[in-house]
Amino acid sequence: MSTRQTPDSKPSDFIRDIIEQDLKTNKTTGLPGNGRVVTRFPPEPNGYLHIGHAKSICLNFGIAEENEKGTCHLRFDDTNPVKEEQEYIDAIKKDIAWLGFDWGKHEYYASDYFEKLYEYAEELIKNGRAYVCHLDMEEIRNYRGTLTKPGKDSPYRHRSIEENLNLFERMRLGEFKDGHCVLRAKIDMSSGNLNMRDPVLYRILHATHHRTGNKWCIYPMYDFTHCLSDSIEGITHSICTLEFEDHRPLYDWILDELKVDCHPQQIEFARLNLSYTVMSKRKLLELVEGGYVTGWDDPRMPTIAGLRRRGYTKEAIRDFCKHIGVAKSNSVVDIALLEHCLREDLNLRAQRVMAVLRPLRVIIDNYPENQVEELEAENNPEDKGMGCRKIPFSKVLYIEQEDFREDPPKGFFRLTPGGEVRLKHAYYIKCERVVKDEQTGKVVELHCTYDANTRGGWSQDGRKIKGTLHWISAAQAIKAEVRLYNHLFVKPNPEEDDDFKANLNPNSLVKLTSCLVEPGLANALPGNHYQFLRHGYFCVDPDSTKELLVFNRTVSLHDTWAKIEKSDK
RNA sequence: UGGGGAGUUGUCUAAUGGUAGGACGGCAGACUCUGGAUCUGUUGGUCAAGGUUCGAAUCCUUGCUCCCCAGCCA
């Protein structure tokens, strides 16, 4: 485990260290939570949650769970009506709940605080710490200066408190058009921290808000809203990502200038980056809107909804979040670690089943014509408790095309002309004759013989059989569509080029439409997990119908042979 | 040329002045009715240079590199 673990296996990191220390020194005693830890997860409902959010969710909800009577609030940071939608709120709640976290009654919306926030803004004006500014957007930018040059004071900076109060009220009343003026904090136009150069607190936006409708035409900015929302809710530790480090002085400034009884501590950590994918909501939105994927829940997306549809389990995702740790340095986690956590979980719970993805017809010449045997197959060698099932065996079977080579390379121990292999749970078979298409030369059918004394896959003479193949009895097979997914991008860092979309993997989805699966899968339900023997983990996609089963490949099994073949080339 | 952060193996992450450890990946082997799983071994690291110290990843100095910030987005 890469994360620090205490003896009882509680996660540990620099944030938990700080909190533990704060609890020990009674830093949270006077706060509304009265000594208890209160964290929050504050998504903006302008997109779907992704695996990076899962890191934050596990952190915030995890800390609340680990501490006696700790709570974690779910707060929607909904201060920008033009980008936010109810659909996103619903999806976000579903995803958090699916991950197994419970915010209980603590579901809040920044928009619920608009009235209170307005009063705080008035208080700031009365204290001479905020003013209404009539500079337009471009002028504000020019007055702000640059990274290296200080800004200039706005000519509106010294309006009287009365005038500011009056103007601010008229802003609220809707007397001005969008962008006509803004409310700004009066801090320091020469600060090295641009966030402190009289940041905008309120802007005019005649837009319908998904919750408050047309009640407001001015909306508070993030910096003003977030610290005060935290304060109102009695948050003790406000955990956010690194890019907000520069905002902390402003967070603290606002709370210091106002009479509040709770001043939470903002702590920043590094957001998650994963190789072979992108994580910014803007870019994910671009993929969705540009039709590069089928939607937010496309199984190739790093969204929680996408991962869920792909077949990821919440246990795997939470285990992954435990493995990656929490620190302050920018990093890119290898997607192989996510896949490792997935396999580890699915290996223990997924029922084994046989599926032939690219069928090659096999006829057992010495097997009785109309006989069908029911053979016993274990459901999971990792968990005997999962029991066994019966699978039919008959004269005509299908095996995987890639499991036969007429001219085998060195080290190939699957089926070859004259060679013998074991059919899993069934019999040893020997390839006697290869039938090819006269035109193309392609192998279309194999004639084999079976050894009747090897029923179940054992031989009394102790004969060593190295290759074991999966197979399907033709008559009872069910046709299925199987969707094979690969990394969404061809480069570990798709963002290294100007247009990340140029690095999209053309083979991120391969649809196989003539696959065959065991008859027992007839009643498989969407979301069910299976291991297709020797292939990988698969789950039933919601696109499945009674007529056609559709499976998603969640993740492949480690393929040592493929690795050997590749390295030989 | 401003402000804020961060540098430990291929990747992520520990070590809080006292043996640089773990996980993933890679490699090798054992085992195996999944070339799966499991097990074992192995590889490889403190950004650099000075200094303090019996002892430095950790403290000090000087550099270097990378990330973030100039939305009326969050």
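Which charged end sits over the ring of Y143? In this predicted model, where local features need pLDDT of at least 70, side-chain atom pairs count only at pLDDT 80 or more and totals for chains, interfaces and linings use all residues, it is the charged end of K152, 4.6 Å from the ring centre. A charge sits over a ring if NZ of Lys or CZ of Arg is within 6 Å of the ring centre and within 35 degrees of the ring normal. R211 does this too, lying over the face of Y109 at 3.4 Å from the ring centre. Residues are numbered from 1 along each chain as its sequence is written, and side-chain values use heavy atoms, with hydrogens and water left out.

Next come the rings themselves. Rings of Phe, Tyr and Trp (its six-membered ring) pair if their centres lie within 6.5 Å, with planes under 30 degrees apart called stacked, over 60 edge-to-face and the rest tilted. That gives 22 aromatic pairs. One of them is Y367 with F393, edge-to-face at 5.3 Å centre to centre and 75 degrees between the planes. Because Y367 lies in the loop between β14 and β15 and F393 in strand β16, this pair ties together parts 26 residues apart in sequence (strands are DSSP runs of E, at least two residues, numbered from the N terminus). Elsewhere, ring pairs link F114, Y118, F168, Y202, W216, Y219 and F224 into a cluster.

As for cysteines, a disulfide needs two sulfur atoms within 2.5 Å, and the count is zero. The sulfur of C181 is 8.7 Å from its closest cysteine sulfur, in C133, so that is too far for a bond.

Technical notes
Chains are lettered from A and ligands numbered from 1 in the order in which they are written. Helices (H or I, at least four residues) and strands (E, at least two) are DSSP runs, numbered from the N terminus.
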